[in-house]
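Student: Hi! I have just opened this structure and would like a friendly walk through it. Could you help me find my way around?

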Amino acid sequence: MTEKDFLPKNYENLPQKGTSTWKAPSNIALVKYWGKRPIQIPANPSISFTLDTCATTTTITFDKKKNTGDFSFELLFEGKPKEDFKPKIVTFFERVEAYLPFLKDYHFTIETSNSFPHSSGIASSASGMAALSLCLMDIEKMMVPEMDQTFFNTKASFLARLGSGSACRSVEGPLIEFGVHDHIPGSSDLFGVPYPFVVDEVFTTFQDTILLVHKGEKQVSSTVGHQLMHGHPYARNRFEQALQNMDALKPIFAHGDLEGFIKLVESEALILHAMMMTSMPYFMLMKPATLEIIHKIWKYREATKVPVCFTLDAGANVHLLYPDHVKERVHQFIDDQLAKHCENGHYIHDRVGLGAQKINS
Ligand code: DP6
């Protein structure tokens with residue numbers, strides 16, 4: 001599919017008003033997306049587990065208005081007006097307007113809230129942009145009732161990508177791939193696709209406990225980090241390596257190879273942070289507690305052979321990944337050894353999920 005496939009034909013009837021609510025989950029990348037070119041085209045393919053508990057719920061209420069050539073919307077975050085989110089929404093509306101040409105015909109009230117605590121250091125751009133895109137697709141579906149479910153999901157993912165790259169992996173689950181890869185049929189730089197190969201059950205019930213090491217704002221945004229991959233001395237090798245890691249995952253997923261999974265996933269996490277540390281200007285998002293936790297995981301795994309590993313996103317928090325069948329032992333390990341490294345002892349138990357859900361009012 002190309003961008004053109006997402007341009008709608010003329011709408012037959014525009015509804016006067018209505019409302020739509022979607023809950024979209026966060027996701028955690030196993031092979032990381034880090035580096036992009038305009039507009040929101042990834043430098044390498046990535047793949048993530050869709051999460052379940054960490055999610056954004058968004059309600060859009062829309063009222064037809066005279067098209068005065070401007071976007072008209074108000075934004076409420078957790079019930080209160082949130083002016084500082086507005087520029088991001090305006091940029092998003094500008095990017096998607098060609099694909100949703102009704103945007104200037106309505107006044108929108110966008111109400112959004114997260115299941116995870118505010119300023120937990122968990123990025124809400126993926127779940128937030130996915131939830132918003134799904135609500136907008138609901139409105140388009142009212143104008144194009146014959147639209148099928150596959151197109152609905154694909155276009156929602158396409159729109160979400162234009163808001164935030166990783167958001168395109170938050171529409172469906174449990175494993176979503178984003179970015180062209182010659183060996184992955186259907187893969188695209190424009191939207192996420194459900195991973196098309198065999199995945200052993202052990203991975204579809206995987207657990208993810210997010211250890212909240214640092215809840216504050218991070219010093220460098222993902223957007224800036226992506227930019228720093230331009231002219232980065234290791235970029236070319238990194239992008240090549242991501243392609244190879246996507247290939248390496250195929251037998252790992254098919255055979256439930258936990259050892260192979262651990263090696264690949266931890267390596268990807270450290271490479272992501274190595275890219276940050278070797279950018280110019282260089283930066284570091286890990287904190288001392290991030291490293292304490294990583295060393296404790298290695299020591300625990302060596303001593304117990306429990307297949308638990310870590311990954312990191314663009315921040316100091318640690319995602320602890322483990323199969324469902326070792327859940328009790330890992331929860332004990334967290335309480336005994338890891339919780340003390342978390343800010344106020346906070347962590348969130350999450351697991352692999354199946355994707356966004358429409359909420360009926
Ligand atoms: C480290 O999707 O947040 O989490 O497209 O600029 O919004 P933008 O970036 P974003 O980047 C995600 C970076 C990452 C890795 C990943 O999720 O693949």
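This is a predicted model: local features need pLDDT of at least 70, side-chain atom pairs count only at pLDDT 80 or more; totals for chains, interfaces and linings use all residues.

Student: Good. How many residues surround the ligand, and which are the closest?

Tutor: The ligand is surrounded by 15 residues, where near means that a heavy atom of the residue lies within 4 Å of the molecule. The closest are Lys-36, Ser-164, Gly-165, Ser-166 and Arg-169.

Student: What classes of residue does that shell have?

Tutor: The shell around the ligand has 7 polar, 5 nonpolar and 3 charged residues. Here Ala, Val, Leu, Ile, Met, Phe, Trp, Tyr, Cys and Pro count as nonpolar, Asp, Glu, Lys and Arg as charged, and the others, Gly among them, as polar.

Student: And which domains does the shell draw on?

Tutor: At least three residues come from each of domain 1 (3-198) and domain 2 (205-351); those bounds come from an automatic or database domain assignment. Helix H5 (residues 222-227) gives the most to the shell, with 3 residues. Helices (H or I, at least four residues) and strands (E, at least two) are DSSP runs, numbered from the N terminus.

Student: Where do polar side-chain atoms come up to the ligand's oxygens?

Tutor: Tyr-33 has a polar side-chain atom 2.7 Å from an oxygen atom of the ligand. For Arg-169, an N or O atom of the side chain is 2.7 Å from a ligand oxygen, and for Thr-223 that distance is 3.3 Å. The protein covers 92% of the 460 Å² of accessible area that the ligand has on its own. Accessible areas come from the Shrake-Rupley method with a 1.4 Å probe, and for residues only the protein chains shown count as cover.

Student: New topic, cysteines. How many disulfides are there?

Tutor: The count comes to 0 disulfides, taking a disulfide as a pair of cysteine sulfur atoms within 2.5 Å.

Student: What about Cys-168, buried or exposed?

Tutor: Cys-168 is buried, with a relative accessible area of 2%. Cys-168 is in no disulfide either, and the nearest cysteine sulfur, that of Cys-135, is 18 Å away.

Student: Okay, backbone next. Where are there cis peptide bonds?

Tutor: One runs from Pro-38 to Ile-39, with omega near -15°. Ile-39 is in the loop between strand E2 (36-37) and strand E3 (41-42). Another joins Met-280 and Pro-281, where omega is about 0°; Pro-281 is in the loop between helix H7 (258-277) and helix H8 (288-304).

Student: Which residues have a positive phi although they are not glycine?

Tutor: Lys-305 does, at about 65°, and Asn-344 does too, at about 55°. Lys-305 lies in the loop between H8 and strand E11 (309-312) and is exposed at 61% relative accessibility. Asn-344 is in the loop between helix H9 (327-338) and strand E13 (347-351), and is exposed at 62%.

Student: Last one: what can you tell me about Asn-114?

Tutor: Asn-114 lies in strand E7 (residues 106-114) and counts as buried at 15% relative accessibility. The side chain of Asn-114 makes a polar contact with the side chain of Thr-56 at 2.7 Å. A polar contact is a pair of N or O atoms within 3.5 Å; within protein, one must be able to donate a hydrogen and the other to accept it, and residues adjacent in sequence count only if both atoms are side-chain atoms.

Methods. Residues are numbered from 1 along each chain as its sequence is written. Side-chain values use heavy atoms; hydrogens and water are left out. Buried means under 20% relative accessible area, exposed over 50%, partly exposed in between (1.4 Å probe, protein chains only).
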